Amino acid sequence: MPTTLRPNAFLRLLAGLVLALGLTGYAGAAPLNDQQALSGLHEAKAVFLVSVNNPGRVDHVLRVIGMTEKGLREQHVTPHLIVVFVGPDVAFLTRDRRGISYMDQRAVAGIQKQIGQLHKTGIGFQACGIAMKGMDVTPDMLIPGVQAVGNGYISAVGYEAKGYSLVPVY
């Protein structure tokens, strides 16, 4: 006759497994790092070109950029990161959230909070002037920490010419 676990016993067993896996990371695996890619580097430069037109995804991308900045520092590499917003995403960077749906308000608030925190770490943020014009956004409407530039693509090209790696986020 097969043995069955009572619900409480099953939950204790499951909790124990989750705890064991959580304490060891990946069972039996070495901690993950980027040692091979970062070998010999003391600094890293990247420009993130962001155009996703979805505030939830933009919020997530900013969290990952924050983890990237932190991960570089933890691995003793000084990050120089710029985030350039092109397209409709510039609407998420304004003090006045007119035109932002009720359902997107929380994600937009998250974006703006992330930008404030990440700007303090030295990450630069730019909004494309062409996109701003298309979205009826003026430079004085941008939240603190975001700089208006004439053309986000030109900005990305300029940073690439200065040795920044392009990280497109579409």
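This is a predicted model: local features need pLDDT of at least 70, side-chain atom pairs count only at pLDDT 80 or more; totals for chains, interfaces and linings use all residues.
Which residues does Leu-118 touch, not counting residues up to four places away in sequence? Residues are numbered from 1 along each chain as its sequence is written, and side-chain values use heavy atoms, with hydrogens and water left out.

Now the answer: Leu-118 touches Leu-62, Gly-66, Ile-123 and Phe-125, where contact means heavy atoms within 4.5 Å. Take Leu-62, which sits 56 residues away from Leu-118 along the chain, while their C-alpha atoms are separated by 8.4 Å. Leu-118 itself belongs to helix 4, residues 105-120. Helices here are DSSP runs of H or I with at least four residues, strands are runs of E with at least two, and both are numbered from the N terminus.

Is Leu-118 buried or exposed? Its relative accessibility is 7%, so Leu-118 counts as buried. For these words, buried means under 20% relative accessible area, exposed means over 50%, and partly exposed is in between, using a 1.4 Å probe and protein chains only.

Let's step back for the whole picture. The protein has six helices and five strands, and along the sequence they follow the pattern α-α-β-α-β-α-β-α-β-α-β. Of its 170 residues, 38% count as buried. Among contacts with a separation of 6 or more, 72% come from residues 24 or more positions apart.

Back to helix 4. Its 16 residues reach 23 Å from the first C-alpha to the last, close to the 22 Å expected at 1.5 Å a residue; that expected span is 1.5 Å times one less than the number of residues. Which residues of helix 4 are buried? They are Ala-107, Val-108, Gly-110, Ile-111, Gln-112, Gln-114, Ile-115 and Leu-118. The buried residues of helix 4 pack against helix 3 (55-74), strand 2 (78-85), strand 3 (124-128) and strand 4 (146-149). Just after the helix, Gly-122 takes a positive phi of about 105°.

Gln-114 is buried because its relative accessible area is 10%. Leaving aside neighbours within four places in sequence, Gln-114 is in contact with Asp-59, Leu-62 and Arg-63.

That brings us to helix 3. At 1.5 Å a residue, its 20 residues should span 28 Å, and its end C-alpha atoms are 28 Å apart, which agrees. Its buried residues include Val-58, Asp-59, Leu-62 and Gly-66. The buried residues of helix 3 pack against helix 2 (35-38), strand 1, strand 2, helix 4, strand 3 and strand 5 (165-169).

How do helix 3 and helix 4 sit against each other? Two packed helices are described by the angle between their axes and the distance between the axes. The axes of helix 3 and helix 4 come within 8 Å and cross at roughly 20°. Axes are lines fitted to C-alpha atoms, for helices over the stretch in contact, with angles from 0 to 180 degrees between N-to-C directions. Helix 3 and helix 4 are therefore roughly parallel to each other; angles under 35 degrees count as roughly parallel, over 145 as roughly antiparallel, 65 to 115 as roughly perpendicular, and the rest as oblique.

In the contact, Pro-55, Gly-56, Val-58, Asp-59, Leu-62, Arg-63 and Gly-66 in helix 3 meet Ala-107, Val-108, Gly-110, Ile-111, Gln-114, Ile-115 and Leu-118 in helix 4. These residues divide into eight nonpolar, four polar and two charged. Here Ala, Val, Leu, Ile, Met, Phe, Trp, Tyr, Cys and Pro count as nonpolar, Asp, Glu, Lys and Arg as charged, and the others, Gly among them, as polar.

Finally, a look at two loops. Asn-53 lies between strand 1 (43-50) and helix 3, and its phi is near 55°, a positive value in a residue other than glycine. With 48% relative accessibility, Asn-53 counts as partly exposed. Asp-136, in the loop between helix 5 (129-134) and strand 4, has a positive phi of about 60° although it is not a glycine. Asp-136 is exposed, at 51% relative accessible area.
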